[in-house]
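The following note sets out numbered points on a single protein chain. Please read each point against the structure shown below.

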Amino acid sequence: MPKQLQLTALCLLGATGLLAAQEAVEMARKPAPQGAEVYFQAPAHGATVASPVTVRFGLRGMGIAPAGVDLPNTGHHHLLIDVDELPSFDMPLPATDSIRHFGLGQTEVQLELSPGQHTLQLVLGDMLHTPHSPPVVSEPITITVTGP
Ligand SMILES: [Cu+2]
């Protein structure tokens with residue numbers, strides 16, 4: 001094979017590999033229907049509240065299913081607490097103090113927060129805790145927690 005052709009073949013192979021990798025990631029993420037939205041029913045953005053804070057999760061255009069249950073157009077809530085940089089949406093969300101999973105399908109939590117400003121954000125995850133495609137993510141809200 002002439003060198004030029006060999007190079008072209010290699011480039012094509014590389015591009016195909018990349019495409020396949022991208023497709024694998026896309027396939028790993030469940031589709032979210034258009035217009036699906038996750039939001040805070042409470043507290044309101046900018047609210048001043050006492051701890052423990054009652055946080056209520058809202059979802060429209062999709063349903064809630066516990067983790068591990070495979071049903072189309074469903075997921076469970078994840079609450080991000082003071083997370084500045086969103087985690088990767090191409091893999092299951094980690095479970096940490098600042099990324100809370102509600103894998104039983106809970107739609108509310110009593111959240112203990114220290115006095116001061118806090119940022120909350122919701123991300124819906126599928127049965128394996130991976131965000132959908134496109135991701136269903138709320139606007140972040142900022143609240144002020146009063147002292148004792
Ligand atoms: Cu989860």
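1. Strands are understood here as DSSP runs of E of at least two residues, helices as runs of H or I of at least four residues, both numbered from the N terminus. Two strands are said to pair if DSSP finds at least two bridges between them.

2. The model is predicted, and local features need pLDDT of at least 70, side-chain atom pairs count only at pLDDT 80 or more, and totals for chains, interfaces and linings use all residues. Residues are numbered from 1 along each chain as its sequence is written.

3. As to overall composition, the protein has 1 helix and 9 strands, and along the sequence these follow the pattern α-β-β-β-β-β-β-β-β-β. Of its 148 residues, 19% count as buried; a residue is buried if 20 or more other C-beta atoms, placed from the backbone, lie within 10 Å of its own, exposed if 12 or fewer, and partly exposed in between. Among contacts between residues at least 6 apart in sequence, 67% join residues at least 24 apart, a contact being a pair of residues whose C-beta atoms, placed from the backbone, lie within 7 Å.

4. An open sheet of 3 strands has the order S1-S3-S7, with antiparallel pairing. Its edge strands are S1 (37-42) and S7 (108-111), each of which pairs on one side only. Neighbouring strands of this sheet are turned by 30° against each other on average, direction ignored; the axes are lines fitted to C-alpha atoms, and angles run from 0 to 180 degrees between N-to-C directions.

5. S1 and S3 (residues 53-60) pair over 5 bridges in the antiparallel sense. Ala42 stands opposite Arg56 in S3, and Phe40 stands opposite Phe57 in S3.

6. The largest nonpolar core has 16 residues. Such a core is a set of buried Ala, Val, Leu, Ile, Met, Phe, Trp, Tyr and Cys residues joined through C-beta atoms within 7 Å. The residues with the most contacts inside it are Val38, Phe40, Leu79, Leu120, Leu122, Val123 and Leu124. Leaving aside residues up to four places away in sequence, Val123 touches His78, Leu80, Leu93, Pro131, Pro135 and Val137.

7. Which residues does Ile143 touch, not counting those up to four places away in sequence? They are Pro43, Ala47, Val49, Val53, His118 and Leu120. Ile143 lies in strand S9 and counts as buried because it has 22 C-beta neighbours inside 10 Å. Ile143 and Gln117 are 26 residues apart in sequence but 5.7 Å apart in space, C-alpha to C-alpha.

8. Most residues other than glycine have a negative phi, and most peptide bonds are trans. A cis peptide bond joins Ala42 and Pro43, with omega about -5°; Pro43 is found in the loop between S1 and strand S2 (48-49). Another cis peptide bond joins Ser133 and Pro134, with omega about -5°, and Pro134 has its place in the loop between S8 and S9.

9. Two residues other than glycine may be checked for positive phi. Asp82 has phi near 55° and lies in the loop between S5 and strand S6 (99-101); with 16 C-beta neighbours inside 10 Å, Asp82 counts as partly exposed. His129 has phi near 75° and is placed in the loop between S8 and S9. His129 is buried, since 20 other C-beta atoms lie within 10 Å.

Technical notes:
Two residues are in contact if their C-beta atoms, placed from the backbone, lie within 7 Å.
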